[in-house]
Amino acid sequence: MFAIALPASAQNQMTPERAASIKADLAGQIDGMKKQAQVMSDTVFSFGELGFQEFETSKYLTGLLEKEGFKIERGVAGIPTAFVATWGQGKPVIALGSDIDDIPQASQKPGIPYHAPMIEGAPGHGEGHNSGMPLNIIAALAVKKVMEREHLTGTLKLWPGIAEELLGAKAFYVRAGLFKDVDIVLFAHVGDNLRVTSGAGDRTTGLVSVEYTFKGETAHAAGAPWRGRSALDAVELMDVGWNFRREHIRVGSRVHYVITNGGDQPNVVPSNATVWYYYREADYQHIMNLWKIGDDMAQAAALMTGTTVTSRLLGAAWPGHFSVPIAEDMYENITKVGLPQWSEQDQALAKALQRDLKVPERGLAMKIPDLKKPQPPSDDDDGVGGVGGGSDDIGDISWVVPTVTLNYPSNIPGGPGHNWANAISMATPIAHKGVVAGAKVQAMTILDILTRPELVDKAWDYFRNVQTKNTKYQTFLRPDDKPAIWLNQKTMEIYRPQMKALYYDPSKYDTYLDQLGIKYGEWK
Ligand SMILES: [Zn+2]
C-alpha cells in the first residue's frame, strides 16, 4: 500500500448522512454550552468598553481561548486590544470575527424596558457587541471537538472587530495582511432575527472618518480681538459650508460631524479647534468625491479666517459585499436551526420596550426572513445613488476574502440602534438564546466549509469572477495613516472606576441580572 498525499480538504470529505449526523451532534453540544454563552455575554456586557479601549474584554477572551489550546497573537496591526487566536492546521483556513466595542452614553440596566442607566453618562453595549465573540467561541469549541474526533484538517482563527463603532480597525487588519492565507471569513453581528446577507447589502455604505484641526492665534477676545485668528470660526464656516452644500449631493450621501474641540473659554480667541467628519457613500469613488469636497471646504474656511488646517484619517470602511455561495449554504443551516423558543417573559420585555419606544408592539422575531436575492448593481438610477444607510468596516475584509455576516436574534426589534434601548436585552435570556442559535448556524457552516472543498472553490469563483470582476479593492488608508488608538481613552478613564465595581462575578452570581438584583420579567 502506498500512502497517497491527498489535498488536505479532500481528506475531510464525508457522506451527506454523516455530515447531517455531525451537525445534530454540534447542535447538541452547543445546547450543552448555554451556561458558557450566558457567562461570556454577561461578562463582556459588564466591561462595556469603548472602541480601542477594549482591554478587559480582550484579556478575558484571549484568556479563555488560550485555555482551550488556541495560540494567541496579541496587538496585531498595531492595535493593542486586537488579537488573532489560531487552532488547528492546514487548509481550509476559516476566520471567525465579531466586534467587541460599545457605544458612548448607552449605559443601561439589562431587563428593564425603559431608560435606566447603570451609570449616568457611561458607555454601554447599546449595539450588542458583547455577544458576537461568545457566539464564535462556542461555535469554534464545538467544531474543534468534532475536528479532533473525526481527524479533520483545517485551521480556525478567531479575531475581534476593534472600534467598529469608529470604523477603526478592519482596514488596518487588511493592510497588515491578517487575511492573507484565509479561505473564508464568517462574521457575526447581533440583530433581531436569524439572517445572512447575500451580495451587496440593501442600504450599506462605506465611509471615511476624517478629523480637521484648525490653528489660529489667541488674543484677548474683548481687549484685542483684531490680533486673534479664531480656529473655531474656521470650524463653524466649514460646517455652514457643508450644511448648504448637502442639498447638492446625491440623495444617499451622508455627511455628519461633531466638534470635538471648540476652544477653551469665551474671553480667549480659540487658537485650536477640531471638527470630525464622516463622509458616507455607496462606493469608493463617491466616498473619495465627498472627501475631496470636504478637504476643499476646510481649505476655504482656513483662507476665510486666516488660519491653517491639517487633517488625519481616523477610520474607513468599504461598502460590504457578501459571498453568495457561502450565504446560500449558511441560509440552509439557518432554516435547520430555526429561531429560539421565546418565553413569556422574553416576549413581555420586548413588547414593553416597544411600547416605551412607541413602535409597533410586535414582540420578538417569530419567523425567519427569506434569503434576499442579491441585487445586481443598477445603472439606470440617473446617478442618484441609493437611499443611504450605515456602514461596517467588515466591508474591507469582504473585498479581500469571501465573507458573510450572520445576524442572530439577541436584540429586540424596533430599537433606534446606537442607543441604550438596544442594550436592554443584551444580558438577558433573549441575548443568551440568540447566541446559542447563532453559534449552531456558525458551527454547521464551518463544518460545511471543512468537509466540502467545492464550497470554498465556488466562493472563490464568485469572488474572482463576479464580485471583483469590475470592482477592485483599493484601501482608503494612506501610507502614513495609523489606527487611532488614543480615541476614547479619556472617556474610559472617567467611567472605568465606577464600571469596575459592577463587573460581573460569575463565581458569586448565577447571572448578571442576579448580581444587579433585577428579577427578570418583573419591573416597575
Ligand atoms: Zn455593530
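**Close-up views of a predicted model**

View 1. Helices (H or I, at least four residues) and strands (E, at least two) are DSSP runs, numbered from the N terminus. Axes are lines fitted to C-alpha atoms, for helices over the stretch in contact, and angles run from 0 to 180 degrees between N-to-C directions. This is a predicted model: local features need pLDDT of at least 70, side-chain atom pairs count only at pLDDT 80 or more, and totals for chains, interfaces and linings use all residues. Residues are numbered from 1 along each chain as its sequence is written.

View 2. Strand 8 (residues 206-215) and strand 11 run antiparallel, joined by nine bridges. Val210 has Leu313 in strand 11 as its bridge partner. Two strands pair if DSSP finds at least two bridges between them.

**View 3. Strand 2 pairs with strand 1 and with strand 4.** Strand 1 (residues 71-74) and strand 2 (residues 83-89) run antiparallel and share four bridges. Here Ile72 stands opposite Ala85 of strand 2. Five bridges link strand 2 to strand 4 (residues 154-161), again in the antiparallel sense. Trp87 faces Leu156 in strand 4 as its opposite residue. In a regular strand the side chains alternate between the two faces of the sheet.

**View 4. Helix 2 crosses helix 12.** The axes of helix 2 (residues 16-31) and helix 12 come within 9 Å and cross at roughly 150°. That angle makes helix 2 roughly antiparallel to helix 12. Angles under 35 degrees count as roughly parallel, over 145 as roughly antiparallel, 65 to 115 as roughly perpendicular and the rest as oblique. Helix 2 brings residues including Ile22, Leu26 and Ile30 to the contact, and helix 12 brings residues including Val436, Met444 and Leu447. By class, the contact has 10 nonpolar, one polar and three charged residues. Ala, Val, Leu, Ile, Met, Phe, Trp, Tyr, Cys and Pro count as nonpolar, Asp, Glu, Lys and Arg as charged, and the others, Gly among them, as polar. Two residues are in contact if their C-beta atoms, placed from the backbone, lie within 7 Å.

**View 5. Helix 3 also meets helix 12.** The axes of helix 3 (residues 34-47) and helix 12 (residues 429-451) come within 9 Å and cross at roughly 120°. Helix 3 is therefore oblique to helix 12. Lys34, Ala37, Gln38 and Ser41 of helix 3 touch Ala431, His432, Val435 and Val436 of helix 12. This contact has four nonpolar, three polar and one charged residues.

**View 6. Domain 1 touches domain 2.** Domain 1 covers 8-201 + 394-411 + 442-516, and domain 2 covers 206-317. These bounds come from an automatic or database domain assignment. The C-alpha centres of the two domains lie 35 Å apart. Domain 1 gives 13 residues to the contact, and domain 2 gives 10 residues. On the domain 1 side, seven are nonpolar, three polar and three charged.
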